[in-house]
Amino acid sequence: MFMNRRLCQHGNDCLIFPGNLQSKPFGISYISINEVDKTAHIITLTLYIMRTILKMMMAATTLLTAACSNAQNKTENNRKMSEQTKPNPYYSRTDTNKLTVSNEEWKKLLPADVYRIARLAGTEYAFSGKYWKTDVKGMYYCVVCGNPLFKSGAKFASSCGWPSFYETIRPNSVEYLQDDSHGMSRIEVRCGRCESHLGHIFDDGPAPTFKRFCMNSAVLDFEPGE
Ligand SMILES: [Zn+2]
């Protein structure tokens, strides 16, 4: 009742006594308006500083949390990259010896998408691979073990969405297995050295073999050349 409100210089409400109560109407001594004003301003300023410090602490906490999250993501990415770039001791373009390596070990050496297709007989989406429409001259190797598979001269334009070849480099570059999965009867093509799944073979290819080796780009390693 004895108080009035007005804006102080800090832009906050500041409580002071109105000037007409500086007298002693009830015989009570009031402190002077200057002292009250000064005290009120000090309290207001203190509260203002405390609020500012609190806001700064909250902002710092938010920034720290974001920085920690970014650092964790970078660490995770680096871990994935180091996993994917771990040297593959079985890769050789000249060694023709058959490999007997467990999927458990391949999983440590191969990028996730290559492992899924090569070792778990997966299939990449049509028109999504990097080699389905390329006609650059060179050689195609098994990306898992380096086994030479196809020459670019045996590649032909196919509308199927996967890189297609009419013959392999050597008859034993690949091996064939009956595949009755997904309600279809197909012939699966696997690498002749590491037995990784490469794709399937069909009888609708061009001359001279009339075969179509329908391969996954993800399991091919291409080296440009004549
Ligand atoms: Zn292979």
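Pro208 sits in the loop between strand E9 (197-202) and strand E10 (212-215). The peptide bond that joins Ala207 to Pro208 is cis, with omega at about 10°. The model is predicted.

E9 and E10 both belong to an open sheet of six strands, ordered E5-E6-E10-E9-E8-E7, with antiparallel pairing. Strand E5 (155-156) and strand E7 (174-179) are the edge strands, and each pairs on one side only. In general, the strands of a sheet pair through backbone hydrogen bonds, in either a parallel or an antiparallel manner.

Asp179 has Arg186 of E8 as its bridge partner, while Glu175 stands opposite Arg190 in E8. The hairpin of E7 and E8 has six residues between the strands, and His182 in this hairpin has a positive phi near 55°.

Most residues other than glycine have a negative phi, and most peptide bonds are trans. Phe127 lies in the loop between H3 and E3, and its phi is positive at about 65°.

| Residue | Phi | C-beta neighbours inside 10 Å | Class |
|---|---|---|---|
| Phe127 | about 65° | 11 neighbours | exposed |

Why does Phe127 count as exposed? Phe127 has 11 C-beta neighbours inside 10 Å, so it falls under the limit of 12 or fewer.

Conventions. Residues numbered from 1 in each chain as written. Predicted model: local features only at pLDDT ≥ 70, side-chain atom pairs only at ≥ 80, totals over all residues. Pairing = 2+ DSSP bridges. Helix = DSSP H or I, 4+ residues; strand = E, 2+ residues; numbered from the N terminus. Buried ≥ 20, exposed ≤ 12 C-beta atoms within 10 Å, placed from the backbone.
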